[in-house]
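Good morning, and thank you for coming. Please have the sequence and the structure in view.

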Amino acid sequence: MSAYPLSSLPQHRWCRNPVCPTYPCIHTESHDPDWLENTEEAFRDPDYHSALWYYFLTLSYPEIKQQTPPEKWASYEVNFDRCRRIEAKRDQIDKDISDNIQRRREQSQALILTILDGMKIDPYIRHVMRERELLKIDKLW
Ligand SMILES: [Zn+2]
């Protein structure tokens, strides 16, 4: 079993037909271990995940901790180090994700161009369809 049983499900991945045999794979947005664990947690327990980030991002407001039952606070506090590491690596993780999106966008464009090139149609119609499809991809990504 994958260390990321929910993130690795086909419906949560960008690879298509077939889904890559391992996770993370080349289609995964980031391979950062903290990002992967963070993502898995978001699938496993979205309410906990949202609350964790809420408590982490409001650490500078001590009244929030004071208003939270200690055992509940402790259940979030154990993951604050991961949040800190993610924040410290935020620029790199964001770059990983934007590079991944750009790669998928280019693959979609290449696929559309291959399909259109293979169609026996009037060159002008091909040109119009090409521009229309590339515009759709631009909007999608
Ligand atoms: Zn893949």
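Let me begin with a term: the domain bounds I quote come from an automatic or database domain assignment. On that assignment, the protein chain is divided into domain 1 (1-44), domain 2 (46-88) and domain 3 (91-141). Between the C-alpha centres of domain 2 and domain 3 there are 41 Å.

Two remarks on conventions. Residue numbers start from 1 along each chain, following the sequence as written. The model is predicted, so local features need pLDDT of at least 70 and side-chain atom pairs count only at pLDDT 80 or more, while totals for chains, interfaces and linings use all residues.

As to confidence, pLDDT is the predictor's confidence in each residue, from 0 to 100. The protein chain averages 93, and 99% of the residues score at least 70. Helix α5 (residues 80-88) has the highest confidence, at 98, and α7 the lowest, at a mean of 86.

Now the fold. Helices (H or I, at least four residues) and strands (E, at least two) are DSSP runs, numbered from the N terminus. The protein chain has 7 helices and 0 strands. Its radius of gyration, taken over C-alpha atoms, is 21 Å, well over the 14 Å that the globule rule gives for 141 residues, so the chain is more spread out than a compact globule. That rule is 2.2 Å times the number of residues to the power 0.38. Along the principal axes, the C-alpha trace spans about 70 × 35 × 25 Å.

How many of the 141 residues count as buried? A residue is buried if 20 or more other C-beta atoms, placed from the backbone, lie within 10 Å of its own, exposed if 12 or fewer, and partly exposed in between. By that criterion, 7% are buried.

Some of these are in helix α1 (residues 33-44), namely Trp 35, Asn 38 and Thr 39. They cover an arc of only 100° around the axis, which puts them on the same side of α1; the arc is that of the directions from the helix axis to the C-beta atoms. Their cover includes α5 and α6 (90-117), where contact means C-beta atoms within 7 Å.

Finally, Leu 140 belongs to helix α7 (residues 123-140). Leu 140 is exposed, with 9 other C-beta atoms within 10 Å. Its C-alpha atom is separated by 8.6 Å from that of Arg 105, 35 residues apart along the chain.

Definitions and conventions:
The expected span of a helix is 1.5 Å times one less than its number of residues. Two residues are in contact if their C-beta atoms, placed from the backbone, lie within 7 Å.
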